Amino acid sequence: MIRATTLDDISIIQQIAKVSWNDTYKNIIPIDIQTLFLEKAYSPMMIVKRIEKTIFLVAECEGKPIGFANFTYVDEDGDAELTAIYILPEYKQTGFGKKLLLAGLNEMPSGQQLFVYVESKNDNARHFYEKFGFECLEEFDEYFEGHPLTTAKYVYLLKTPAI
């Protein structure tokens, strides 16, 4: 089941984010950098803001939250960004990521494009997005909390623009 995130989900969102990040980025981003980011991006206040201002969905399996996705509009044309999609490691490859992505797309009736930024060495995520139909637009170097990374920017066309 996919549903909207509520304030009662704050602690489980924090837990899913931590477990997922530690699993996904264990050989890519040092643990201290992960911790620094997670403390800021998934503080209770930040999660409340996301719930109030963005599309924030939770995936449940047998009543237990096992993942989440967060979408936000980036401009007045309705273009959007998928800022997060995380599934607990034991539930990866079970279709919940695709269900979250489809549910988020269903919540965005307008717009042309959905963007997502993926750490270039995150092969599983890259494969997931490419299989779904996202196209890699570019890769660029950046500093993430002071740690050098290469990031891939992907786009998914939400609808065909009128000619």
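Is the crossing of H1 and H2 left-handed or right-handed? Keep that in mind while we get our bearings in this predicted model. Helix H1 covers residues 10-24 and helix H2 covers residues 31-41, and their axes come within 11 Å while crossing at roughly 155°. That angle makes H1 roughly antiparallel to H2, because anything over 145 degrees counts that way. As for the handedness, the crossing of H1 and H2 is right-handed.

Now zoom in on what touches what. H1 brings Ala-17, Lys-18, Trp-21 and Asn-22 to this contact, and H2 answers with Ile-31, Gln-34, Phe-37 and Leu-38. Sort those residues by type and you get five nonpolar, two polar and one charged.

Between H1 and H2 there is a loop, and Ile-29 is found in it. Ile-29 has a relative accessible area of 3%, so it counts as buried. What does Ile-29 touch, leaving aside residues up to four places away in sequence? The list is Trp-21, Gln-34, Phe-144, His-147 and Leu-149. For a sense of scale, pick Gly-63: Ile-29 and Gly-63 are 34 residues apart in sequence, and their C-alpha atoms sit 32 Å apart in space.

Helix H3 spans residues 44-53, and the axes of H1 and H3 come within 10 Å, crossing at roughly 105°. That makes H1 roughly perpendicular to H3. Here Ile-10, Ile-13 and Gln-14 of H1 meet Pro-44, Ile-47 and Val-48 of H3. This contact divides into five nonpolar residues, one polar and no charged.

Next, the sheet. Seven strands make up an open sheet with mixed pairing, and reading across it gives the order S1-S2-S3-S4-S5-S7-S6. Strand S1 (2-4) and strand S6 (135-144) stand at the edges; each has a single partner strand, so one side of each is left without a neighbour in the sheet. On average, and ignoring direction, neighbouring strands are turned by 30° against each other.

How does H1 sit against all this? H1 lies across strand S2 (55-61), S3, S4 and S6, and runs at about 90° to S3.

S1 and S2 run antiparallel and are joined by three bridges, with Arg-3 standing opposite Val-58 in S2. Six of the seven residues of S2 are buried, so S2 is largely enclosed by the rest of the structure.

Moving on, S2 and S3 also run antiparallel, this time with seven bridges between them. Val-58 turns up again here, as its bridge partner in S3 is Phe-68. So which residue in S3 is the bridge partner of Cys-61? That would be Lys-64. S2 and S3 form a hairpin with two residues between the strands, and in it Glu-62 takes a positive phi near 55°.

Strand S3 (residues 64-73) is joined to strand S4 (residues 80-87) by seven bridges, and these two strands run antiparallel. S3 is mostly covered, with seven of its 10 residues buried. S3 and S4 form a hairpin as well, with six residues between them, and Gly-78 in that turn has a positive phi of about 95°.

H1 is roughly antiparallel to H2 and roughly perpendicular to H3. H1 also lies across strands S2, S3, S4 and S6 of the sheet.

Key:
Residues are numbered from 1 along each chain as its sequence is written. This is a predicted model: local features need pLDDT of at least 70, side-chain atom pairs count only at pLDDT 80 or more; totals for chains, interfaces and linings use all residues. Side-chain values use heavy atoms; hydrogens and water are left out. Axes are lines fitted to C-alpha atoms, for helices over the stretch in contact, and angles run from 0 to 180 degrees between N-to-C directions. Helices (H or I, at least four residues) and strands (E, at least two) are DSSP runs, numbered from the N terminus. Angles under 35 degrees count as roughly parallel, over 145 as roughly antiparallel, 65 to 115 as roughly perpendicular and the rest as oblique. A crossing is left-handed if the near helix is turned anticlockwise from the far one by less than a right angle, and right-handed if clockwise. Contact means heavy atoms within 4.5 Å. Ala, Val, Leu, Ile, Met, Phe, Trp, Tyr, Cys and Pro count as nonpolar, Asp, Glu, Lys and Arg as charged, and the others, Gly among them, as polar. Two strands pair if DSSP finds at least two bridges between them. Buried means under 20% relative accessible area, exposed over 50%, partly exposed in between (1.4 Å probe, protein chains only).
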